[in-house]
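Here's a quick briefing to read alongside the model. Take a look at the ligand site first, then at a few spots elsewhere in the chain.

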Amino acid sequence: MAIVNGNYANLKESYLFADIANKVAAYAAANPDKKIIRMGIGDVTMPLARCVVDALVKASIDQGSADTFHGYGPEQGYKFFQDAVAGYYADFGVELDAKEIFCSDGAKSDCGNLTDLFCNADTILIPDPVYPVYLDTNIMCGRNIKYMEGNPENGFLPMPPKDIKADVIYLCSPNNPTGAVYSKEQLEAWVAYALENDSVILFDAAYEAFVSDPAVPRSIYLIPGAKKCAIELCSLSKLGSFTGTRCGYTIVPLELVRPDEQGNMMSLNKMWLRRQTTKYNGTSYIIQRGAEAIFSEEGLKQCRKNLAYYQENAKIMMAGLDKVGIKYFGGVHSPYIWLQCPNGMGSWEFFDMLLEKFGIVGTPGAGFGKCGEGYFRLTAFGSRENTIEAMERIVAGFGK
Ligand SMILES: *Cc1c(COP(=O)(O)O)cnc(C)c1O
């Protein structure tokens, strides 16, 4: 008899997006003439840059000729991809060895796959609220999970706990869903904690491209000592509109070593290479060529234009919220605005009010952890026209 992994029974059913869809469908049926504005989506809306499309087409044509055909590629990614990522990091002051860069099909998969490197006795420290993937992937392997609370007092940026010795720590900055971003000093405190406790930080930098202040670190490796204690996950989903095209990368420093259960020192870079060569056959050649083009001068120019469009939307949203006196976090280095539901409303209560009164859809904060209750996420990924209209509706009718 096959015995299955009972940890799956410990996962909370996620009704969040299904519940939202049902409520929106009911509202649409009852109000067929009302235009609904969706500000709940966590997906980009801008298309791929022209030069990226050209690179994808050219690489597809390569696959049709014997002399330019590519079969299985290196599991870690092609050299041209690694060089492109290394060049991107060098521009903001981080030196990476090509051996430290692993191409992936996106940050979400690697986020889950990284649990392979750690032992079941490890204590895992996860922020609340946060991207639910960290929690669920660790529940699936039955890990001992501790939470660190995000709240208005710490600006949704929890700092190292004094009473917990965590072995593996998840940090997401700029944060999904709160939009909060750690300062250099705050990340220094995290690196100091990790070095003191021999922990490993898993740093999710999926939104690094939204950081608009050079004083705010876009990579944990801008903090001295981080290569001895941190793995960084990143994605082309948000920078390059690759949510449906799929490509990301994980950086595992050569200096990162930790003991196994017998006390043998192990290189996490070697372990990850072994894991990837065993369980992954590499990201498609075509997709890696498209990703390479994102990092070209022309590609970055176009992608940054898209990000600036979302950032302008965020400004419009923040100005509207300011006008009606709703308190919020994020929005500056992030496409997410995390607002405090006014008048002590719960997340879902606010959701219903926003939908019924204004025809606007957002995401209840309670879907991102218990500390998200009483908060609400709006995203800046919509069109300019809809963003302006949504804020006009709120400003005109709020409190009336
Ligand atoms: C969007 C996002 C990612 C990227 O996921 P992909 O699988 O690369 O699309 C990673 N982490 C967070 C927190 C995200 O919001």
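A polar contact here is a pair of N or O atoms within 3.5 Å. With that cut-off in hand, take S235: an N or O atom in its side chain sits 2.6 Å from an oxygen atom of the ligand. Keep in mind that this is a predicted model.

**The ligand and its surroundings**

- Where does the ligand sit in terms of pockets? The space it takes up is the largest pocket.
- There are 14 residues around the ligand, and D204, Y207, S235, S237 and K238 come nearest.
- Sorted by class, that shell has six nonpolar, four polar and four charged residues.

- Y207, one of the residues that come nearest, has a side-chain N or O atom 2.5 Å from a ligand oxygen.
- For S235, another on that list, the corresponding distance to a ligand oxygen is 2.6 Å.
- How much of the ligand does the protein bury? Taken alone the ligand exposes 380 Å², and the protein buries 93% of that.

- T250 belongs to strand β8, which covers residues 248-251.
- Is T250 buried or exposed? Its relative accessible area is 0%, so T250 counts as buried, the cut-off for that being under 20%.
- The T250 side chain also has a polar contact, at 2.5 Å, with the side chain of D110.

**N313 in its helix**

- You'll find N313 in helix α9, which spans residues 297-324.
- N313 is buried because its relative accessible area is 0%, under the 20% limit.
- Along the chain, N313 and F381 are 68 residues apart, yet 7.7 Å separates their C-alpha atoms.

**I360 in its strand**

- I360 is part of strand β13, made up of residues 360-361.
- With a relative accessible area of 1%, I360 is therefore buried too, again by the under 20% rule.
- Which distance separates I360 and M391 in space? Their C-alpha atoms are 9.6 Å apart, while in sequence the two residues are 31 residues apart.

Definitions and conventions:
Residues are numbered from 1 along each chain as its sequence is written. This is a predicted model: local features need pLDDT of at least 70, side-chain atom pairs count only at pLDDT 80 or more; totals for chains, interfaces and linings use all residues. Side-chain values use heavy atoms; hydrogens and water are left out. A residue is near a molecule or strand if one of its heavy atoms lies within 4 Å of it. A polar contact is a pair of N or O atoms within 3.5 Å; within protein, one must be able to donate a hydrogen and the other to accept it, and residues adjacent in sequence count only if both atoms are side-chain atoms. Accessible areas come from the Shrake-Rupley method with a 1.4 Å probe; for residues, only the protein chains shown count as cover. On a 1 Å grid over the protein atoms alone, a cavity is a set of points where a 1.4 Å probe fits but cannot get out, and a pocket is an open set with protein on both sides within 12 Å along at least five of seven lines; lining residues have an atom within 4 Å of a point. A molecule sits in a cavity or pocket if more than half of its atoms lie within 2 Å of its grid points. Ala, Val, Leu, Ile, Met, Phe, Trp, Tyr, Cys and Pro count as nonpolar, Asp, Glu, Lys and Arg as charged, and the others, Gly among them, as polar. Helices (H or I, at least four residues) and strands (E, at least two) are DSSP runs, numbered from the N terminus. Buried means under 20% relative accessible area, exposed over 50%, partly exposed in between (1.4 Å probe, protein chains only).
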